[in-house]
Amino acid sequence: MRVSTSNVEGGGWSTGGYLSNCSIAELLATEAESAKQPLQKAFRRASRRAFLWPEEASAIIDQNRSLQELPGVGPYLEKVIRRWIENPPVVPNPPAIRDGFLTLTEARAWLAGDPSWSRGLKGDLQMHTEWSDGSNSIQEMAEAAELRGYEYIAVTDHSKGLKIAGGIDEAQLLKQEEEIASVNEMLKSSDGRIRVLRSIELNLDPFGGGDMSEESLARLDLVLGCFHSALRRKEDQTERYLAALRNPSVHILGHPRGRIYNFRLGLKADVSLI
Ligand SMILES: [Zn+2]
């Protein structure tokens, strides 16, 4: 694999004859800005997906394989990317909305640099199941997590206020508690080490308030509080975070900035005050 340390440390922006997936993503996003539909959409989508490509596109070319193996790449984009890899253009510095994101290959290269980081990872405290907008059952999530060597996972399906994500209400949360109990029983009887924690991704309003009854939240092992509205405010949002942390039901603030690659800049706050 040709993921060099210098490439990772440089964030992949300077090409030096080698074009990383990160640089390809930036070139695709830049192309999208001047392209017409439907090409614009294809460029934007491929730019996003480049962050999850499992291999470096340049390595695939080195092995005489087709770039169409990569999600988001069809015959036209293969030609464009191939041309860039063969003759690397200057990659512009990304604007703030795309700056500071790591690709999967970069993240893996970082982790490989110190195996103790991966070994120290014992669980996952944010995951969705088919109870809201995830695609797998609680049992499937637990089994997959066990294969990764995790000791615990928290099931954090969306709460009722987030209708678009199929948020669950108090009655559904109680039913889910039963399912988690039986999954834990089953795991225990099959000598599994993993434990499933009862949790929720509580939808917070911009004033730090949740959308579920305190009684139902009190039954959980853990409450993740997350903002899903008014995420494009430009002014300082320190007060909003402080209000959320004052909410006695909330244990952890999830995806605190609400940042999304090439889509939303995310909220700003003075972290030293939080
Ligand atoms: Zn969320």
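A residue is called buried if 20 or more other C-beta atoms lie within 10 Å of its own, exposed if 12 or fewer do, and partly exposed in between, with C-beta atoms placed from the backbone. By that count, 30% of the 274 residues of the chain are buried.

This is a predicted model, so local features need a pLDDT of at least 70, side-chain atom pairs count only at pLDDT 80 or more, and totals for chains, interfaces and linings use all residues. Residues are numbered from 1 along each chain as its sequence is written.

View 1. Helices (H or I, at least four residues) and strands (E, at least two) are DSSP runs, numbered from the N terminus. The C-alpha trace spans about 60 × 50 × 35 Å along its principal axes. The average pLDDT, which is the predictor's confidence in each residue from 0 to 100, comes to 92 for the chain, and 94% of the residues score at least 70.

**View 2. Here is the largest nonpolar core, with 21 residues.** Such a core is a set of buried Ala, Val, Leu, Ile, Met, Phe, Trp, Tyr and Cys residues joined through C-beta atoms within 7 Å. Ile24, Leu28, Ala46, Ala57 and Ile81 touch the most other members. Helices H2 (21-34), H3 (39-49), H4 (57-62) and H5 (75-86) each give two or more residues, and H2 gives the largest share, 6 residues.

**View 3. Zoom in on Ala46 and its contacts.** Two residues are in contact if their C-beta atoms, placed from the backbone, lie within 7 Å. Skip the neighbours within four places in sequence, and you'll find Ala46 in contact with Leu28, Gly72, Val73 and Leu77.

**View 4. Helix H8 (residues 138-147) has Ile138, Met141 and Ala142 as its buried residues.** These three sit on the same side of H8, because they cover an arc of only 100° around the axis (the arc is that of the directions from the helix axis to the C-beta atoms). The buried residues of H8 pack against strand E2 (152-155), helix H9 (170-189) and strand E3 (195-204). After H8 comes Gly149, with a positive phi near 85°.

**View 5. Strand E3 is largely enclosed by the rest of the structure, because 7 of its 10 residues are buried.** Strands pair if DSSP finds at least two bridges between them. E3 pairs with E2 in the parallel sense over 4 bridges, with Ile153 opposite Val196 in E3. E3 also runs parallel to strand E4 (residues 222-227), joined by 6 bridges, and Leu204 stands opposite Phe227 in E4.
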